[in-house]
Amino acid sequence: MKNTGYIFDIKKYSVNDGQGIRTTVFFKGCPLNCWWCHNPESQHTEPEEIDNCLFRWNLTYDPTQRNKIGSQVTVAEVMKEIEKDLPFYEESNGGATFSGGEPMLQIDFLQSLLAECKRKDIHTAIDTTGYAPISDFEKIYDYTDIFLYDLKLMDDKIHFEYCGVSNKLIHENLINLSSRGDKII
Ligand code: SF4
């Protein structure tokens, strides 16, 4: 468990990151480097300066300056944002989704957030590349209601070429998760 971590956005009324209406928290940092990355500002683990980055949570946009993307936040700060939309989760069977980047890259912070959500009876989803040690899946398995598992390419060589890493670990983790239950999309 860890009380602080780095995120770069929080998206409200998210309807494509799991069931119902959700709040999606985007973690900073990703071990992959996909050619098509839709969130390239997520890839570095630390906050960074970037041009033309609008509509990000907690970002004061100043067109005359380069803007910092990413902030260090506490579990309480993130939970405060998640809990603002509790009525929407209750009406739609929604909840909180942790995405990125790769949320499992900050496994102890992720575990703390998931545990806090479960303590408050909020449905949890992880949007993951699956590229993490199997022991990290053990840390969060009991707190995660659904894994949104982004298996990008089946062929290992092609995966390496387009995503920057082998997919062997991703396959192994998926096989292991599948053998334990059905909470995978
Ligand atoms: S896994 Fe997602 S965030 Fe990471 S590099 Fe690929 S597309 Fe970008």
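## Helix α3 and the residue after it

Helices here are DSSP runs of H or I with at least four residues, numbered from the N terminus. The structure is a predicted model. Just after α3, D121 adopts a positive phi of about 60°.

The 13 residues of α3 should span 18 Å at 1.5 Å a residue, and the end C-alpha atoms of α3 are 18 Å apart, which agrees. Buried positions in α3 are F109, L110, S112, L113, L114, E116 and C117. The elements against which these buried residues pack are β1, α1, β6, β7 and α4.

## The nonpolar core

The largest nonpolar core has 32 residues, of which I7, V25, F98, L110 and L113 touch the most other members. Two or more residues of this core come from each of β1 (4-14), β2 (22-27), α1 (75-83), β6 (95-99), α3 (107-119), β7 (123-128), α4 (134-140) and α6 (168-180). The largest share, five residues, is that of α3. In soluble globular proteins, nonpolar side chains tend to be buried together.

What does F98 touch, not counting residues up to four places away in sequence? The contacts of F98 are V25, F27, P103, L110, L113, I126 and D127. Among them, V25, L110 and L113 also belong to the group of core residues that touch the most other members.

## Strand β6 and its neighbours

Strand β6 is mostly covered, with five of its five residues buried. β6 pairs with β2 in the parallel sense over five bridges, and T23 stands opposite A96 of β6. β6 also pairs with β7 in the parallel sense, over four bridges; here A96 stands opposite T124 of β7.

## Helix α6

At 1.5 Å a residue, the 13 residues of α6 should span 18 Å; the end C-alpha atoms of α6 are 19 Å apart, which agrees. Which residues of α6 are buried? They are I170, N173 and L177. Seen down the axis of α6, these buried residues fall within an arc of 70°, so they line one face of the helix.

The buried residues of α6 pack against α4 and β8 (146-149). On the face of α6 turned away from its buried side lie the exposed residues K168, E172, I175 and S179.

Key: Residues are numbered from 1 along each chain as its sequence is written. This is a predicted model: local features need pLDDT of at least 70, side-chain atom pairs count only at pLDDT 80 or more; totals for chains, interfaces and linings use all residues. A nonpolar core is a set of buried Ala, Val, Leu, Ile, Met, Phe, Trp, Tyr and Cys residues joined through C-beta atoms within 7 Å. A residue is buried if 20 or more other C-beta atoms lie within 10 Å of its own, exposed if 12 or fewer, and partly exposed in between; C-beta atoms are placed from the backbone. Two residues are in contact if their C-beta atoms, placed from the backbone, lie within 7 Å. The expected span of a helix is 1.5 Å times one less than its number of residues. Two strands pair if DSSP finds at least two bridges between them. The arc is that of the directions from the helix axis to the C-beta atoms.
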